[in-house]
Amino acid sequence: MNQDENELLLQKLTDVSHRLNMANAKLEEANKKLKEYEEKAQNAEKASKMKSLFLANMSHEIRTPLNAIEGFSRVMVEADSLQERMNYMEIIESNNRRLLSLVNEILDLSRVEAGEISIKKTNVDLISVMKGLKQLFKFRCPDTIQLIWNKPSVQVVMNTDEDKLMQVFSNLISNALKHTTKGSIKYGFNLVNNQEDIEFYVSDTGTGIEPEFLSQIFNPYASKDAEQNKGYGLGLALCKIIVEKMGGRIDVKSCLNVGTTFTFTLPFHGTVGGVPTKESTSTSSRLIHTLRVSTRNDARHVKTVLVAEDEESNYELVRIVLQKRYNLLHAHNGIEAVTMNEEEHPDLILMDIRMPEMNGLDATRIIKEVNHDTPIIALSAYAYDENIREAKAAGCDEFMAKPFRVEDLIETIARYIGD
């Protein structure tokens, strides 16, 4: 074989090697894409399963506070004393807050899956939170289980998200109730690390968790029987997402046939033994203040509140809450709100967002051009972050989501025009 033939053969071998390398590269790329497609399919299946488990769990959880609200509403009518009615009202209030929290969880499902949870911090009286949990769960505990919380000797006020804190505690106590048939469920908190952190805990005397299962306990698919409400479902996974979003960590210790203790630790920002802030006033105190009928007959000027609301039932609720405190005007749409503002010059406006003829955002823009100093509080069932941003951009001074708490509405209005 001469030199030319050798060079030609070498060139062919080089070409074949190059084509093989290109084929291998394409095969590698194809395998990579196939793996990506498989992962996407698995993630889609996982997301679908998460949604199914979440909805199954929420369906069960919603029935409990709803049953308490319906039952005690009827019982309260037949109560003999004011104190008895107030006790029932506190139970209804606690369950109402839990129900609202659960509904919000369902509506925000996609955000929970992505871990996009909004944290809204206020000064929270932790003793009030513990009392609220006691009210919420004491009627769910059978006679064979004691629900115990260890009250600290001093008041502790923490800057945190009260609803999220209640949500984590509620999930952990609900979980304890599922796996405890007798004994006790204890919960509470301790300041640790020279009061730099606070450790919350829920401890039960239930069946315990298998050691090999502990590492999976915060996985949303940890229990194959979660659909039958016998396992751990999605609640613990949600707890982990929330606690980590709040800058903390959650842990579990368990012993079979002895019990389980869940702890979650958060950075502590607040006061110990100090005077409670207005925002951290206990639920019962705020409730009594809300229900108390004013008997003051001084000669002070009665402020006027314009309520822009197209739904009669929604306006009726606001009217009942505010009629003893303020002079009320009712606009049925944005056009009426603009007109009545020009004619009556109200001290404050409660503005619904979705209304016929002219919506609340357009009405707010027009009103603010004429009366820039008139406070406008948006009231809307559309309460995602983008809705709040739109309302603030239009000129609203505050945003309150429907359904709102009566005492929160009263306090918000009072901040602007007094009571």
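The model is predicted, so local features need pLDDT of at least 70, side-chain atom pairs count only at pLDDT 80 or more, and totals for chains, interfaces and linings use all residues. Residues are numbered from 1 along each chain as its sequence is written, and side-chain values use heavy atoms, with hydrogens and water left out.

**Salt bridges**
- Side chains of opposite charge can pair when their charged atoms come close.
- The structure holds 9 salt bridges (a side-chain nitrogen of Lys or Arg within 4 Å of a carboxyl oxygen of Asp or Glu).
- Arginine 319 pairs with glutamate 316 at 2.4 Å, N to O.
- These two residues sit 3 apart in helix α8 (residues 312-322), about one helical turn.
- Lysine 368 bridges to aspartate 397, with the closest N and O atoms 2.9 Å apart.
- Lysine 368 is in helix α10 and aspartate 397 in the loop between α11 and β13, so the pair ties together parts 29 residues apart in sequence.
- Glu93, Arg405, Glu407 and Asp408 form a network of salt bridges.

**Buried residues**
- Arginine 405 and glutamate 407 are both buried (under 20% relative accessible area; exposed is over 50%, partly exposed in between; 1.4 Å probe, protein chains only).
- Cysteine 239 is buried at 0% relative accessibility, and cysteine 396 is buried at 5%.
- The count of disulfides is 0 (a pair of cysteine sulfur atoms within 2.5 Å).

**Helix α6**
- Helices are DSSP runs of H or I, at least four residues; strands are E, at least two; both are numbered from the N terminus.
- Buried residues of helix α6 (residues 235-245) include Leu236, Cys239 and Ile242.
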